[in-house]
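Subject: Structure handover

Hi,

My notes on what turned up follow below it.

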Amino acid sequence: MAEPDESMDPQTDEHDSSLDRLRHNWRTTWQAPALLGAVALLVTGILYSILTAPKPDLAPAINQAERLIEQGSHQQAMDVLKTRVYPYLDEAGEVSALGRRYHLAVARALYRAQAELGIDLEVNHRNVLTHYLEAERQGSSLLPGDQVALANTYLSLGETTSARVRADELPDNAREMRLAIYKRLVDLLLAPPNAQTDEALELLNEILGDPTLPPDDRAWALTRQTQVRLDQGYADEAITRLLRAAPRIEKASPDIRGEILLLLGRAYVEIAALGEAERQLLQAQDLLPPGSSLQGEALYYLSKIDESRGDTDAGRDRLAQAVERHPECRTNRRALMGLAEAEAAIGRTPESQEIYRKLVDEINAAEGQGAPGPEEAAQSLLAQYRDRLSRDEIEEALAFATLASDLYSLERLPADVLAALATGHQSSAERIMAQGTLDTLDPSSRAEAQRHLIRAASYYRLHAEAFVLTDNDQYARSLWLAADLFDQAGDRTEAIAAFRLYADGVPGDARNAEARFRLGRAFQSMGDQSTAATYFRDLIDEEKLGIAADVGPYAELSHVPLAQVLLDDADETNDEEARRLLRRMISGSMGDAETAQYRQALIELGRVHYAAGDYERAIEHFEEARSRYPNDKRITEIRFLLADAYRLSAREIHDRLASEAMPGSLERQLKTTARERRIAAMAGYEQVRGAIEQIDPRQRSPLEKVQLRNSYFFLGDCAFDLGDYRTAILHYDRARERYPEDPASLVAMVQIVNAHIEEDDMGRARTANERARRFYESLPEEVWDDPSLPMGRRDWERWLESSSRLYEVSAVTTD
């Protein structure tokens with residue numbers, strides 16, 4: 001027997017005839033003209049022998065194959081036909097009584113062998129069909145059993161019309177065979193996804209029109225007819241037909257009558273005749289076998305009665321029984337959905353989601369066919385999603401929405417499911433970020449929030465695409481949310497793509513100017529200063545020329561970032577333009593000190609002067625910002641920069657005093673100023689340290705971490721520069737203990753050495769220096785490339801000088 005994936009037809013082999021082989025030899029071998037005569041005589045003799053030889057007798061082999069078929073040895077029969085008949089069929093004369101018997105034998109053996117093995121291959125069905133039809137063409141009259149096999153083969157190939165013709169041709173004494181084909185034909189006609197309901201009903205009516213139809217067969221046809229009518233919504237008609245037919249099926253078997261009563265009960269449920277429905281369903285349960293899948297259907301419809309009466313506990317119990325005991329019943333998916341909804345209603349969310357998961361898996365396994373389908377199940381899940389979301393149970397809501405999405409491939413997700421997923425992930429991100437901004441969250445929370453933001457943005461983008469041709473407003477809303485959330489998540493590439501699509505695709509929208517402003521900011525954050533400047537300049541120019549409405553606020557907001565990108569780019573020739581922009585904004589010509597633009601420009605101008613080393617002006621601007629905006633979210637950063645400007649300004653004064661000759665009065669004034677600024681710097685660093693240490697360490701931003709660390713070290717520097725070496729050592733020790741593994745600790749160690757030297761405590765200085773050297777040698781060279789370290793060239797020079805002094809002292813002592 002052939003493998004299941006191959007045809008079982010013996011005619012699949014190819015054979016050359018002896019005459020063909022002879023012709024081939026004639027063409028390729030005999031070439032000498034002198035031998036032509038001899039060859040002709042030889043060939044003539046061979047041909048005469050072939051033509052006068054007796055034809056092979058195939059009858060014994062065919063007889064044996066027919067006996068084997070009658071005995072049920074179908075595979076052995078196939079082997080006989082393939083090896084002992086087929087190779088010689090042409091020689092025996094295929095169009096003959098033997099040929100007809102051969103084709104019938106092949107068709108019967110192949111049909112029955114496939115059925116025996118449980119094989120259902122189209123190639124075998126087609127071979128069965130071919131041999132039966134060839135037998136008919138050659139004059140065979142098919143027996144009723146052959147007609148049945150042929151009709152079933154047509155059904156297996158989905159050729160319902162041909163199957164019906166063959167069934168109709170069966171004689172009256174083969175009525176049971178015909179009815180069996182009709183039953184299979186009805187089930188095939190009613191099968192999804194392309195049910196032919198009208199044809200099925202026509203055949204059922206014909207079956208039911210036979211007054212001699214046995215009760216069980218009549219009941220079968222009646223159940224199929226009723227199921228169709230109920231599925232079409234004709235419950236009243238179904239009830240009437242069932243009641244009229246009841247007298248004719250009184251003698252049907254109990255299980256058949258139980259199925260009829262089940263359908264009658266279902267029909268009563270659908271017209272809300274609950275009392276009569278319950279009576280019929282309970283009687284059906286008594287008649288149906290305990291293990292019948294129809295018991296599960298009865299439990300399902302009884303649960304619908306319980307639900308209508310408000311007895312949710314009883315309904316849930318019946319659904320649980322149906323699902324657990326009769327998972328194969330036709331209403332199993334509806335029972336699963338009903339049970340999942342019931343569990344959700346009493347707050348058993350994990351149990352509900354587990355049952356919904358089974359429902360989703362069953363729907364997917366059936367490729368969406370049957371009821372409930374993906375759409376109905378998705379609506380049930382979205383109802384749970386909306387209920388949980390309204391109660392602020394975001395995680396549970398999102399889980400229900402995710403289950404709904406599992407009913408579809410990504411490209412087929414419905415708009416309402418996309419909206420639920422987007423909103424659910426957005427709400428999840430907002431819940432996490434309620435603890436602080438994305439920058440201040442601990443790494444784990446930040447990653448989780450970003451994941452939700454990016455997923456929300458992605459689903460909003462898909463949601464926008466669903467409305468690109470049908471609803472411009474909805475398209476714009478969803479696309480904006482996608483761009484905004486990508487931006488919040490820090491995914492600048494996706495944010496730029498979405499904002500650019502919005503800016504280009506929704507030109508008249510009120511948020512168009514904001515989209516272009518945020519594009520500029522996104523390009524600025526990615527270091528593309530030129531592109532960013534183009535967006536900012538365009539907004540400013542449009543506002544000046546009055547080209548576009550609603551651009552005003554974003555034109556004003558563009559001045560500071562335009563100044564920033566001009567200062568940050570590689571073109572130094574436009575730096576003065578940037579400073580003019582900032583000075584103009586704090587001059588009052590574009591708004592007073594209460595405007596956001598003034599505040600931004602004031603702080604940025606302070607940064608500009610700070611970065612340029614113009615600490616006097618930086619102090620001026622930072623002092624104003626600190627006093628005007630004490631509640632600004634950047635107040636700690638402003639205080640740090642102000643304190644650092646005081647410290648660096650004092651250092652500049654110190655360097656000036658050391659390098660310039662000046663009048664005594666000026667020298668005293670500068671020394672006083674330097675002292676005051678160091679004291680002010682220490683007060684500022686203390687404020688910064690106190691403010692940042694009140695923040696949960698997991699929520700501190702990278703900038704805050706650097707400012708806190710440097711505040712520890714710069715407090716020591718200021719005390720050292722004030723000549724208060726005891727206080728300096730105290731601060732350096734605190735810094736070293738606070739950051740024992742940080743390379744910045746080397747600053748503290750070196751300064752402790754210097755402080756001991758200034759106090760002329762060479763023993764402690766030497767010990768401290770050895771500790772600093774060991775720490776230095778433990779670190780890789782590349783750590784010193786970090787520009788945020790509070791150790792600059794001046795500190796390295798101090799350490800070299802201190803080491804030299806210690807060496808000199810050691811040398812003198814040795815001498």
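In this predicted model, helix α10 (residues 175-189) and helix α11 (residues 197-208) have axes that come within 9 Å of each other. They cross at roughly 155°. Angles over 145 degrees count as roughly antiparallel, so α10 is roughly antiparallel to α11. The crossing of α10 past α11 is left-handed. On the α10 side, the contact uses L179, Y182, L185, V186 and L189. On the α11 side, T197, E199, A200, L203, L204, E206 and I207 take part. By type, that contact splits into nine nonpolar residues, one polar and two charged.

From α12 the contact takes D216, A219, L222, T223, R224, T226, Q227, L230 and D231. From α14 it takes I256, E259, I260, L263, R266, A267 and E270. The residues of this contact divide into seven nonpolar, three polar and six charged.

Now the cores. The largest nonpolar core holds 119 residues. Y356, L381, L407 and L562 have the most contacts inside it. What does L562 touch, once residues up to four places away in sequence are set aside? The list is A533, F536, R537, I540 and L581.

Some single residues are worth a look.

A420 sits in helix α22 (residues 415-433). Its relative accessible area is 4%, so A420 is buried. Beyond its neighbours up to four places away in sequence, A420 touches L382, Y385 and A401. A420 and L389 are 31 residues apart in sequence, with 9.7 Å between their C-alpha atoms.

Two arginines belong to helix α34 (residues 664-693): R675 and R677. R677 comes out at 14% and is buried, because the cut-off for buried is under 20%. Outside the four places either side in sequence, R677 is in contact with E616, I619, Y646, S649, A650 and I653.

Last, backbone geometry. Most residues other than glycine have a negative phi. D392 has a positive phi of about 65° and is not a glycine. D392 lies in the loop between α20 (374-390) and α21 (394-405). At 60% relative accessibility, D392 counts as exposed. D760 also has a positive phi, near 65°, and is not a glycine either. Where is D760 found? In the loop between α37 (745-758) and α38 (762-777). D760 is exposed, with a relative accessible area of 60%.

Best wishes

Methods. Residues are numbered from 1 along each chain as its sequence is written. This is a predicted model: local features need pLDDT of at least 70, side-chain atom pairs count only at pLDDT 80 or more; totals for chains, interfaces and linings use all residues. Side-chain values use heavy atoms; hydrogens and water are left out. Contact means heavy atoms within 4.5 Å. Helices (H or I, at least four residues) and strands (E, at least two) are DSSP runs, numbered from the N terminus. Ala, Val, Leu, Ile, Met, Phe, Trp, Tyr, Cys and Pro count as nonpolar, Asp, Glu, Lys and Arg as charged, and the others, Gly among them, as polar. A nonpolar core is a set of buried Ala, Val, Leu, Ile, Met, Phe, Trp, Tyr and Cys residues joined through side-chain atoms within 4.5 Å. Buried means under 20% relative accessible area, exposed over 50%, partly exposed in between (1.4 Å probe, protein chains only). Axes are lines fitted to C-alpha atoms, for helices over the stretch in contact, and angles run from 0 to 180 degrees between N-to-C directions. Angles under 35 degrees count as roughly parallel, over 145 as roughly antiparallel, 65 to 115 as roughly perpendicular and the rest as oblique. A crossing is left-handed if the near helix is turned anticlockwise from the far one by less than a right angle, and right-handed if clockwise.
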